[in-house]
Structures are given as structure tokens and as C-alpha cells.
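Dear colleague,

I am passing a structure on to you with this message, and I would be glad if you opened it and kept it in view while you read. My notes on what was found in it come after it.

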Amino acid sequence: MAKAAKSAKTAKTAKTAKTAASAETAAPAKTAKRAAEAAKPARPVKAKPESHLGMVRRARKINRELAEVYPYAHPELDFRNSFELLVATVLSAQTTDLRVNQTTPALFAKYPTPEDMAAAVPEELEEIIRPTGFFRAKAKSLMGLSAALRDRFDGQVPGRLEDLVSLPGVGRKTANVVLGNAFGVPGITVDTHFGRLVRRWKWTEQEDPEKVEAEICAIFPKSEWTMLSHRVVFHGRRICHSRKPACGACPIAPLCPAYGEGETDPEKAKKLLKYEMGGYPGQRLAPPPDYPGRPAAPLGTGDE
Ligand code: SF4
């Protein structure tokens, strides 16, 4: 027993000595780290835990700021009616809106109505939509949903969520895009940009798009839902990128708990900006008149 106590004491002494030694070695490193921390600009968001009410107020402020930064925010798919928007949204899975916009002019020229698309020769339809990827599955969805529109909805796109999600290849996200932008029904669209940003902003910790949607809907009045979706997606595409957010050029940095996740040097951050923010063409070939950037170029013109 005495022997055991002695060896425990020896071990403790050794451990204390080791801790002291490592603390001594770590001290200069720690000091240097603290100095570097102190040299950094003050963290924009307070470190103390934020109340739910505080988060809601901050979230609404971010939305107001984004409304000023992107007063022209809009869906980035080109469409002239609800059928075109539905088709374009189905095509946008796993590809960029730009690629869809470059593909749909030829598609809608050949198949302007659900009746036309339902009666397409599958191989011909596939060939047109090939640039959007997964073209066989997408062609099947487009022909299926066109036939359903023709047979069950008089050739019209329905304006109810439950009807839209009953169409082949149409999920909740697609349905919300169509409802919000072709029917004026408020809705939040949770795509990859939206989910990433709202988690960075600590509006939610949910990963599942439906849960994200429910939690964000609870923060904002219904009247804001559709435009909020556009603003957040605009911000995600232009400034708050997935791998390299341009924090140093971000107008909402003081409200963002994730400030510093990306480039904080203003000059370097500026170079990361995309689309009209960086002086480049946008995604739409036919953007709304108030869009301050340049339209995208058609497919195959070399200026993509
Ligand atoms: S500060 Fe950085 S992480 Fe936060 S929104 Fe701006 S770009 Fe995104």
C-alpha cells in the first residue's frame, strides 16, 4: 500500500514537472499567439452566448443589410412563365443556373408547352439538355411532369405545393421556387448556399433542408421569405463562398459570427468577389432590367 502511494506520488511529481516544463515551452508561443490575436481587428460579434431574441434581431438586421446590398436580388434562372420556371428548376439540379440558362433557349424553342414536351422524342430532348448533366434522368422527369401537367392539370402548372410535389422529379425545393417566383406565394428555398450561410450565421444548426426551412421561417415574417432566399443565395454566390468566403470585403462582417473563416485582407478578399460584384457577367442571359451587371453569354460563344 505504502509502495503504491509512493509510486503514485512519484508519478504526480513527474507529471507536475512535465506540465511546468511544457507550460514554459508553450509560454512564448502563447504570448505570440495572444499578440497576434490582439493585433487582429476586434471580433465583430460578442463572445458571450447570444440569446434567441438576440439572434433573431441580428438575423433581421442581416436581412435588412442584404436588401441594401442586393436590391436587385432575383431568381437566377431565365424564365418567361411558370412552365419554363418549373422545367429550368428541374434542370438546375447538380449544375449551375448559368448552364441551365444557356440550355433552355433551344429547349423552349422546340417544346414551348407541356403538351409539346410530353410528346418529345426522348433522344432528341436528351440531346438538347445534355449540357446540364444527368440528362437521361432529367429528360425522363421533364417528359413525366409534362404528361402529368397535360393529363391532370389541363396543361397548367398548379399553384399549390401538394400538387407540385406530386409531379415527377419535383421536390419541395423546386416547388417552393415555382410558388415563390411564378405565383407570389411566400417560400424559403433551402439550397446549398442558403443552408451554408444560415449555419455560418448561427440562425440554425440544422442540416436537413426541411428543418432549416422551418426554423428560418420562424425567424422572419412571411412577406420576407422569398426575397430573403434570393438575397442569401446572392450573397453565397458572390461573397460568402463555400471554400473561400471573402470576409474582408463582406458588408455584413460586423454581424457575422463566422467572420475570419475566409480571407480577411480587404484587397485579397476583393479579388474573390464574383459576378457583378467582381465585374463579371451574371448567370442570366436575360436578367431583369435593374440588374447592374452584364448578362451571361449564350452557350458556345467562348465567353462563359
Ligand atoms: S463575414 Fe465571411 S463568413 Fe461571414 S457572411 Fe461575410 S463572407 Fe461569409
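This is a predicted model: local features need pLDDT of at least 70, side-chain atom pairs count only at pLDDT 80 or more; totals for chains, interfaces and linings use all residues.

Of the 304 residues in the protein, 35% are buried. If you look at the contacts with a separation of 6 or more, 56% of them are between residues 24 or more positions apart.

An unreviewed UniProt entry lists C240, C247, C250 and C256 under "binding site". These four span 17 residues in sequence, yet no two of their C-alpha atoms are more than 10.8 Å apart, so they gather at one spot.

With 23 C-beta neighbours inside 10 Å, C247 counts as buried, because 20 or more are needed for that. C250 is also buried, with 25 other C-beta atoms within 10 Å. Leaving aside neighbours within four places in sequence, C247 is in contact with several residues, including Y259, E261, T264 and A269, whereas C250, on the same terms, is in contact with I239, C240 and C256.

How far apart should the ends of helix α12 be, given its 14 residues? At 1.5 Å a residue the helix should span 20 Å, and its end C-alpha atoms are 20 Å apart, which agrees. Since 11 of the 14 residues of α12 are buried, this helix is largely enclosed by the rest of the structure. Among the buried residues of α12 are L228, V232, V233 and F234, and what covers its buried residues includes α2, α9 (172-182) and α10.

The largest nonpolar core has 33 residues, of which V198, W201, A246 and C250 touch the most other members. The elements that give two or more residues to this core are α2 (52-69), α10 (192-200), α11 (209-219) and α12 (225-238), and the largest share, 4 residues, comes from α12. When neighbours within four places in sequence are left aside, V198 is in contact with W203, T204, V212, I216 and V232. Apart from this core lies another, of 29 residues, among them F79, L85, L86 and V100.

Finally, please find Q102, whose place is in helix α4 (residues 97-110). Is Q102 buried or exposed? It counts as buried, with 22 C-beta neighbours inside 10 Å. Although Q102 and A297 are 195 residues apart along the chain, their C-alpha atoms are separated by 7.7 Å. Not counting residues up to four places away in sequence, Q102 touches P131, L285, P298 and L299.

With best wishes

How values were computed:
Residues are numbered from 1 along each chain as its sequence is written. A nonpolar core is a set of buried Ala, Val, Leu, Ile, Met, Phe, Trp, Tyr and Cys residues joined through C-beta atoms within 7 Å. A residue is buried if 20 or more other C-beta atoms lie within 10 Å of its own, exposed if 12 or fewer, and partly exposed in between; C-beta atoms are placed from the backbone. Two residues are in contact if their C-beta atoms, placed from the backbone, lie within 7 Å. The expected span of a helix is 1.5 Å times one less than its number of residues. UniProt positions are given in the numbering used here, feature names are shortened, and annotations may be inferred rather than shown by experiment.
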